[in-house]
Amino acid sequence: MVLVVLAHGSQAAAAQSLATQRSQLAGARPIIGLAAFGLPAAQADSGVVLFARDAFTLRVDSTWMTPPIGPFERSRRDFAYSIAADVIACWQEHH
């Protein structure tokens, strides 16, 4: 699995970066509702999950992993989402 956090100059730049990454990801669709934690987010069945928070983007990529993953036998997408959700839950905003 690969986790990438990119720093951008502003929240708007982070949201634009997420949109660009999403447009380059086959089959990507937005994560909506509570699952998005009120943040711009997207996921693809291939196993990539994207979030924008503050002036950063988070990309969790589990595309190289062979499903089912772990003791709960998760798909690549679900596994990537659970890791991304853990990171977002621990993410502290800095001013």
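1. Ala7 is found in strand E1; strands (E, at least two residues) and helices (H or I, at least four) are DSSP runs, numbered from the N terminus. At 60% relative accessibility, Ala7 counts as exposed. The cut-offs are under 20% relative accessible area for buried, over 50% for exposed, and partly exposed in between, with a 1.4 Å probe and protein chains only.

2. The model is predicted, so local features need pLDDT of at least 70 and side-chain atom pairs count only at pLDDT 80 or more, while totals for chains, interfaces and linings use all residues. Residues are numbered from 1 along each chain as its sequence is written, and side-chain values use heavy atoms, with hydrogens and water left out.

3. Ala7 touches Ala55 and Phe56, not counting residues up to four places away in sequence; contact means heavy atoms within 4.5 Å. Between the C-alpha atoms of Ala7 and Arg53 the separation is 9.9 Å, and the two are 46 residues apart in sequence.

4. Met1 lies in the segment before strand E1 (2-7). Its relative accessible area is 32%, which makes Met1 partly exposed. Met1, Val2, Leu3, Val4, Leu6 and Trp64 form a nonpolar surface patch with about 530 Å² of accessible area together. Patches are made of residues with over 30% relative accessible area and no salt bridge, like charges being joined within 9 Å and nonpolar side chains (Val, Leu, Ile, Met, Phe, Trp, Tyr) within 5 Å. A salt bridge is a side-chain nitrogen of Lys or Arg within 4 Å of a carboxyl oxygen of Asp or Glu. Accessible areas come from the Shrake-Rupley method with a 1.4 Å probe; for residues, only the protein chains shown count as cover.

5. Helix H1 (residues 11-23) has buried residues Ala14, Ser17, Leu18 and Gln21. They are on the same side of H1 because they cover an arc of only 100° around the axis, taken from the directions from the helix axis to the C-beta atoms. The buried residues of H1 pack against E1, strand E3 (41-44), strand E4 (48-53) and strand E5 (56-61). Ala12 and Ser23 are exposed, on the face turned away from that buried side.

6. Ser17, in helix H1, has 15% relative accessibility and counts as buried. Apart from residues up to four places away in sequence, Ser17 touches His8 and Thr57.

7. Pro68 sits in the loop between E5 and helix H2 (76-90) and is partly exposed at 49%. Beyond its neighbours within four places in sequence, Pro68 is in contact with Glu73 and Arg74.
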